[in-house]
Amino acid sequence: MAKTILAVDDSGSLRQMVAFSLKAAGYDVVQAVDGQDGLDKAKEKTVDLVLTDQNMPIMDGLTLIKNLRDLGSYQKVPILMLTTESSDEMKAKGKAAGANGWLVKPFDPKRLIEVVQKVIGS
């Protein structure tokens, strides 16, 4: 059974690129348009990994991570940030919120798959 990844990003083209890369590697992908949509979808079905942007309307990535970590079913689910933010300060905030890793856009699909496989396997 394929592992499921929740990809949260307000950019439709980036979500499509992420979903295309992950599906080609054998993962199922659920897409969400912002943090609130991501939280709603995460409540409907627990996924194996969450991949989220930081800067989004309605709910940003750090707030999404904090809300997910408050849910019992997401306390140990890996969460990776995929964002243009690359400062040490922002990475520290992500870690404090509960992020397990950080990828900077633009992303290399091969690197994305390597990181995902390392975190949750294939």
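Modeller: Start with one definition. Two residues are in contact when heavy atoms of theirs lie within 4.5 Å. Keep that cut-off in mind for every list of neighbours below. One caution too: this model is predicted.

Biologist: Fine. How many helices and strands does the protein chain have?

Modeller: The protein chain has five helices and five strands. Next, read them in order along the sequence. The pattern is β-α-β-α-β-α-β-α-β-α. The radius of gyration is 13 Å, close to the 14 Å that the globule rule gives for 122 residues, so the chain is as compact as a globular protein of that length.

Biologist: What does the C-alpha trace span along its principal axes?

Modeller: About 30 × 30 × 25 Å. Then look at burial. A residue counts as buried under 20% relative accessible area and exposed over 50%. By that rule, buried residues make up 48% of the 122 residues here. The chain exposes about 6300 Å². Carbon and sulfur atoms supply 49% of that area.

Biologist: What share of the contacts joins residues 24 or more positions apart?

Modeller: Take the contacts with a separation of 6 or more. Residues 24 or more positions apart account for 64% of them.

Biologist: What does UniProt place at residues 4-120?

Modeller: An unreviewed UniProt entry places the feature "domain: Response regulatory" there. Over residues 4-120, the model is 47% helix and 20% strand. The end C-alpha atoms of that stretch are 10 Å apart.

Biologist: Which residue caps the N-terminal end of H3?

Modeller: Asp60 does. For a cap, find a side-chain oxygen and a backbone nitrogen. In Asp60, a side-chain oxygen lies 3.2 Å from the backbone nitrogen of Leu62.

Biologist: And which residue caps the N-terminal end of H2?

Modeller: Asp34 caps H2, with a side-chain oxygen 3.0 Å from the backbone nitrogen of Gln36. Inside H2, the buried residues are Gly35, Asp37, Gly38, Leu39 and Ala42. They pack against E1, strand E2 (28-32) and H3.

Biologist: Next, an annotated site. Where does UniProt place "modified residue: 4-aspartylphosphate"?

Modeller: The unreviewed entry puts that feature at Asp53. In the model, Asp53 sits in the loop between E3 and H3.

Biologist: Is Asp53 buried or exposed?

Modeller: Asp53 counts as buried, at 5% relative accessibility. To find its surroundings, skip residues up to four places away in sequence. Asp53 then touches Val8, Asp9, Asp10, Gly61, Met81, Leu82, Thr83 and Lys105.

Biologist: Asp9 is among those neighbours. Where is Asp9?

Modeller: In the loop between E1 and helix H1 (12-24). Asp9 is buried, with a relative accessible area of 4%. Beyond its near sequence neighbours, Asp9 is in contact with residues including Asp53, Met56, Leu82 and Lys105.

Biologist: What is the phi of Ile58?

Modeller: About 70°, a positive value, although Ile58 is not a glycine. Ile58 lies in the loop between E3 and H3. Ile58 is exposed, at 73% relative accessible area.

Biologist: Which residues does a cis peptide bond join?

Modeller: Lys105 and Pro106, with omega about -5°. Pro106 lies in the loop between strand E5 (101-104) and helix H5 (109-120).

Biologist: Last one: the start of the chain. Where does Ala2 lie?

Modeller: Ala2 lies in the segment before E1. Ala2 is partly exposed, with a relative accessible area of 30%. Leaving out residues up to four places away, Ala2 touches Gly26 and Asp28. Between the C-alpha atoms of Ala2 and Gly38, the separation is 20 Å.

Notes. Residues numbered from 1 in each chain as written. Predicted model: local features only at pLDDT ≥ 70, side-chain atom pairs only at ≥ 80, totals over all residues. Heavy atoms only, no water. Polar contact = N/O pair within 3.5 Å; in protein donor to acceptor, adjacent residues only side chain to side chain. Helix = DSSP H or I, 4+ residues; strand = E, 2+ residues; numbered from the N terminus. UniProt positions renumbered as here; feature names shortened; annotations may be inferred. Buried < 20%, exposed > 50% of the residue type's maximum accessible area, 1.4 Å probe, protein only. Rg over C-alpha atoms; globule rule 2.2 N^0.38 Å. Areas by Shrake-Rupley, 256 points an atom, 1.4 Å probe, with all protein chains shown as cover.
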